[in-house]
Amino acid sequence: MATKVLKLKDASREEWLEKRRSFIGGSDAATCVDLNPWSDKLTLFCDKKGLLPEKDDNFAMRMGRELEDLVAKFFTEATGKEVRNDNFSWVSDEHDYIGADVDRTIVGENAALECKTINAFSKYDLEGGEIPQQYYCQLQHYMYVMGYDYMYIAFIQFGKGFFWHKVDRNNEDIKVLIDAEVYFW
C-alpha cells in the first residue's frame, strides 16, 4: 500500500519541507480538484518546483501544530479510542509522488485521525456534521495512500467547542481525486 520515506522525529523542518515537495500530500489534494479555498494549481506547481519562497510560519499554523496533541486527547476522551502518533511520511506504492503525513493512527482499527483547529468565525457547521471539502479530500487522499477503511476528523473550534466525525472510504471519490492528482503531477 505505502512505503515510509521519512522518519519525522529525525528530520528537521527543512528536510520535511523538502520531502513534501517530492509528492502531493493530503493538504495538496483538494487543490488538484479545485476545492481548496486557499490555493490553486499554479501556486501548488510553483511550490512543488521550489519557485516560491517558504511560507512564513504564522500564529495559526503554530497553534494548529501545538494543539494537535490536545485535539487527539479530546478525541480519545470523547470516543474511548486509543490513538498513536504515526511519525512518518509515506508514499503510495502505486504512485510514489502521492504521499501522506497522517496525524494519528487508531489502535486496533484500519483507520486514522486527522486533527484540526479552526477559528470561531468559520462558516462550517461542524456541530451539524459538515466537513469542509478541503478536509474531506485530505481524508480520502490518506485512505488511498494508507489503505484505510475510514478515518476520523476532530476539530477544536475556538470559542465553540470540540467536534469529531467518522468519514467512510469512498472509492468513487478516491478515483476522481487520484486521477486529478496523477494528471496534475
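## A serine and its neighbours

This is a predicted model, and we begin with a serine. A polar atom of the Ser 92 side chain lies 3.1 Å from the backbone nitrogen of His 95. The Ser 92 side chain also reaches the backbone nitrogen of Glu 94, at 3.0 Å.

Ser 92 belongs to strand S3, which covers residues 88-92. With a relative accessible area of 3%, Ser 92 is buried. Leaving aside residues up to four places away in sequence, Ser 92 touches Met 1, Ala 2, Ile 98, Tyr 144 and Val 145.

## Charged pairs

Side chains of opposite charge can pair when their charged atoms come close. The whole structure has 13 salt bridges. One of them joins Arg 21 and Glu 54, whose closest N and O atoms are 2.3 Å apart. Arg 21 sits in the loop between helices H1 and H2, and Glu 54 in the loop between H3 and H4, so the pair ties together parts that are 33 residues apart in sequence. Arg 21 is buried at 16% relative accessibility, while Glu 54 is partly exposed at 40%. Glu 18 joins Arg 21 and Glu 54 in a network of salt bridges.

Another bridge links Glu 77 to Lys 73, with 4.0 Å between the closest N and O atoms. Both residues lie in helix H4, about one turn apart.

## A nonpolar patch

Where can you find a nonpolar patch on the surface? Look for Leu 42, Phe 45 and Leu 51, which together have about 330 Å² of accessible area. Leu 42 is part of helix H3 and is exposed, at 60% relative accessible area.

Note on methods
Residues numbered from 1 in each chain as written. Predicted model: local features only at pLDDT ≥ 70, side-chain atom pairs only at ≥ 80, totals over all residues. Heavy atoms only, no water. Patch = residues over 30% accessible without salt bridge, like charges linked within 9 Å, V, L, I, M, F, W, Y side chains within 5 Å. Areas by Shrake-Rupley, 256 points an atom, 1.4 Å probe, with all protein chains shown as cover. Salt bridge = Lys/Arg side-chain N within 4 Å of Asp/Glu carboxyl O. Helix = DSSP H or I, 4+ residues; strand = E, 2+ residues; numbered from the N terminus. Buried < 20%, exposed > 50% of the residue type's maximum accessible area, 1.4 Å probe, protein only. Polar contact = N/O pair within 3.5 Å; in protein donor to acceptor, adjacent residues only side chain to side chain. Contact = heavy atoms within 4.5 Å.
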